[in-house]
Amino acid sequence: MVNPGLFSGNKSVNSVKVSFRIPYFTQWGQSLLVCGSVPVLGAWNVKRGVLLSVIHQGSELIWGGSITVPRGFQCQYSYYVVDDKKNVLRWEMGKKRELILPEGVQSGQEIEFRDLWQAGSDALPFRSAFKDVIFRQSWDLSHATGGVNHINFEPKGEAILVQFKISCPNVEKNSSIYVIGSNTKLGQWKAENGLKLSYFGESVWKAECLMHRIMSTYRYGKYDRSGNFSIESGSNREVSTNSSKNEVKYIILSDGMMRETPWRGAGVAIPMFSVRSESDLGVGEFLDLKLLVDWAVASGFHLVQLLPINDTSVHGMWWDSYPYRALTAVKAAHAVSFFYQRGVPGIRHLRWRSVVTLEPPPNPELILVLEVTVPTSYSQAKDIEKAKQQLDGKDVDYEATMATKLSIAKKVFSQEKDLILNSSSFQEFFSENEGWLKPYAAFCFLRDFFETSDRSQWGRYAHYSEDKLEKLVSKDSLHYEIICFHYYLSEAAEYARKKGVILKGDLPIGVDRNSVDTWVYPNLFRMNTSTGAPPDYFDKNGQNWGFPTYNWEEMSKDNYGWWRARLTQMAKYFTAYRIDHILGFFRIWELPDHAMTGLVGKFRPSIPLSQEELEREGIWDFNRLSRPYIKRELLQEKFGAAWTFVATTFLNEIDKNFYEFKEDSNTEKKIASKLKACAESSLLLESEDKLRRSLFDLSQNIVLIRDPEYPRKFYPRFNLEDTSSFQDLDDHRYLNNHCDLCVLSIEDGSYNYATFKPSSMPKTVLHSKNLWRQNALKTLPVLLNSSDMLACGEDLGLIPSCVHPVMQELGLVGLRIQRMPNEPDVEFGIPSQYSYMTVCAPSCHDCSTLRAWWEEDEDRRLRFFKNVMESDELPADQCVPEVAHFIIRQHFEAPSMWAIFPLQDLLALKEEYTTRPAAEETINDPTNPKHYWRYRVHVTLESLIKDIELQTSIKDLVRWSGRSLPKEHSEIDASLVAALSVAEAVSVSSVAEAVSVLAEAISDKQKFASSPEKGVLRLHLVIRDSRKKCAELACFSANLVSRVLAMCPAFEKFPLR
């Protein structure tokens, strides 16, 4: 905020003129508008804001406008892009701007605020991931010169007072910010004579000077603690003070961010349940995160990414291993990772942190964050040690692990119940979280009491009410019992922050239909629907996740309070998060709740085809198009000799050789249920799975999907041109001629092209193209503003054209997987061409690992080896460390902000860790809705921490790629500088080219003296590149390396391939 006392003076004023000036390129029909917190700027009502006028200045569009305000005026304001009706099309991201008039301004004078548009990416350094973790030291600038100086003069005559303001979030201790330029007041480009800026908090630096009415060019720069001056990148900035309007006496330059080399970092991804330690109990524990953070720092990583940690205990069996099927949104973590014990048999105390639940004994549930130390008996310690040995398997045994942990916890709690319940931690947490804690506890109690989470079986408790809840959780109730577990995620999160490591969580796209949230807030969900994904890379038949879709209209009534609560709770533990299936915030693939597959769905929202529109085009037989098209020939083709059994059991003949499904078989769930009954009665002539797939194919043989809520509205079935129903149509005037357009239209959110020529409905088509964008801009900003976490979006799959522009606009970081390129007609992504606002990775939890992918397909492996690795040789059948190193190095060197690697892919760098079959390292199979999530790393964290060789290999990849290293590894021993002297001393006169190359490094020795890291990197590149250029250098480089190693052992891990 501008200091009101920044300028001094005694002359009173009645009114002054405030002008706004901002360069921004708009499209035809768009305008810029300024709106603020006061009535003269619309009081945050954009319709009443001040429209700006535009002038052309070279290739730029400069927008400007002005208001007249009184003495002492101050407000907040922002810029908006609007259409001709002042409808908001786009707005600035980040914090609201502050406007405070300087003292001393005279009546009739003008103050001009020259701003730059605040894009989404400009706000990223202010997210907690950077502010509180990566740039943590930079934001603690108590040592810096504070912005409290007062200007004891005011502009007179032709002079203008110019204030320079810049944001620089990454400033090391004892560094300073300067502005230098062509003006004498700016040092005439001499850094030592430049204008020094003062620190005003929150990364903002300012300085003022008097300038005469001339054009000046300038840039910002930084003096580091070693006295080196670095100037910002990009072209010179300009400030023109030669305005003919002499009343302009003050110019406030808000120059946005200092233009530095974009910060890039790296991280590791692994599910919590997959972590293995020497002390765990069958599954990764939350406090094992501290070990994982230690290994991450030692390997040069700034980030640890987890899958969702929500409670998923819906079914009470291994199906609950699915981490994206949440019992409750984010508020309760999973009991499978609660228990934590360090030590050996005989240890007499356990530390517990967490959770509570109401329960009829003996089933404990609810999670609560607290910390209690309780004594344990020798027999309990023996039980724990025995359980550790039993559960120490290759994979997670979900059911056995849950049962064991709950059993041990129950025994300990029964011994120390009073100690836990009377603890201040418990009382404080219960008081702060009572709002969500009580419904969650009640739900868990009712689930266990009725032995099902299907609340339709709960009698009078099937429908939630506050009255029933209070009676259920009353202390006078016989059911009141609170059980506590050890849960210490917050300790691990704070440990990661102090180590400079971001803990990145995962926000699931949905919740289970039998969850606390759907019980308490049923109006927020469309319970007669199911969420999934259309056919894409992961599954050509689409996916059905089983979650109910969201009732966005209802959620908007309290400004998406349910979402805001989720993010607020999540931010207590994480500083970054992944938005699962971010496409769902643009449009969701919605299926009827009776569907089991994901093919016959529709996007919501989307524009349907009305019956009237279709009839105008001569299409009238809607039953024929929207019901399964079943002919005898098709039955005989699909089922062979079993076709008569299928016809008599599942179908009715409605016309000669034409059939329809019977009432008890007319949905996928009914088909599956009837097949199961037939199998139990031994009536099936073929396998149940094969018959089910074929019957599902029959039910999906349609052209149009009738809207169940509006029967006169229709949606084209995805890939309708592949169905025999479509191929057997007599009249292809529209449907056949435009089938390709139909597929395209589904991707763009419009179904109209399926039956109409593009010129038929231009207004509807135009509207449909904006529909998903508008939907995302209603919801995603709410998520972003609910916390200060760094938000990353999982934007894989079928990507509409509106998605990436919106993500860029909002400052959302996207995801790039090399085998799933966004570009059409490209088989493998090119990491070197990824944009900065991305996370790049060779694989993720939803696909096979790097090793498994390499081994899956020989032809694909050959194409990758030839086209990407540029080799005509035959590749190895196995993903050997050299191959893994090449692919991983590609991703480290990508321009992406983050390179995040599954731990399994990093282990492929060392042959010792590749003995386990690659297919066993896959975490999830998206094509299987009942997949068992049970992968465990086959090596303990303690062993990885001892493996200095692997750590060094990874850390070197981080360093060579120019990505940031954690502070404790950001500098290499100064003896590496001496290694450059070795390069200078070695005689290579017989190889003139090598001498030339090495001379470049020698001349840079002084430059690199203050940055040993760059020095050793340069030395490494010199040797490696020289080898490539001249074969005679092999002997020389071997000699050089041996001499370097004698002085600097750290150089040993630099491979010179």
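**Ground rules.** I number residues from 1 along each chain as its sequence is written, and side-chain values use heavy atoms, with hydrogens and water left out. Because the model is predicted, local features need pLDDT of at least 70 and side-chain atom pairs count only at pLDDT 80 or more, while totals for chains, interfaces and linings use all residues.

**Cavities.** A cavity here is a set of points, on a 1 Å grid over the protein atoms alone, where a 1.4 Å probe fits but cannot get out. Points are joined across faces, edges and corners, and a volume is the space filled by probe spheres set on the points. I get 13 cavities of 30 Å³ or more. Lining residues have an atom within 4 Å of a point.

I then sorted the lining of the largest cavity: 16 nonpolar, 8 polar and 4 charged. Ala, Val, Leu, Ile, Met, Phe, Trp, Tyr, Cys and Pro count as nonpolar, Asp, Glu, Lys and Arg as charged, and the others, Gly among them, as polar. Strands β37 (790–793), β38 (814–817), β39 (838–841) and β40 (898–902) each give this lining at least two residues. The largest share, 3 residues, is from β40. Helices (H or I, at least four residues) and strands (E, at least two) are DSSP runs, numbered from the N terminus.

**Helix α5.** I checked residues 424–450 next. I find a kink of about 90 degrees centred on Glu434. The bend is the angle between axes fitted to the seven residues ending there and the seven starting there. Just after α5, Glu451 has a positive phi of about 60 degrees.

**Strand pairings.** Two strands pair if DSSP finds at least two bridges between them. Strand β5 (60–70) runs antiparallel to β1 (15–23), with 9 bridges. Val18 faces Ile67 in that strand, β5. Strand β4 (53–57) is also antiparallel to β5, through 5 bridges. Gln57 has Glu60 as its bridge partner. In the β4–β5 hairpin, with 2 residues between the strands, Gly58 takes a positive phi near 65 degrees.

I also noted an open antiparallel sheet of 3 strands, ordered β31-β36-β35. Its edge strands are β31 (609–610) and β35 (704–706). Ile705 stands opposite Tyr715 in β36.

Terms used:
On a 1 Å grid over the protein atoms alone, a cavity is a set of points where a 1.4 Å probe fits but cannot get out, and a pocket is an open set with protein on both sides within 12 Å along at least five of seven lines; lining residues have an atom within 4 Å of a point.
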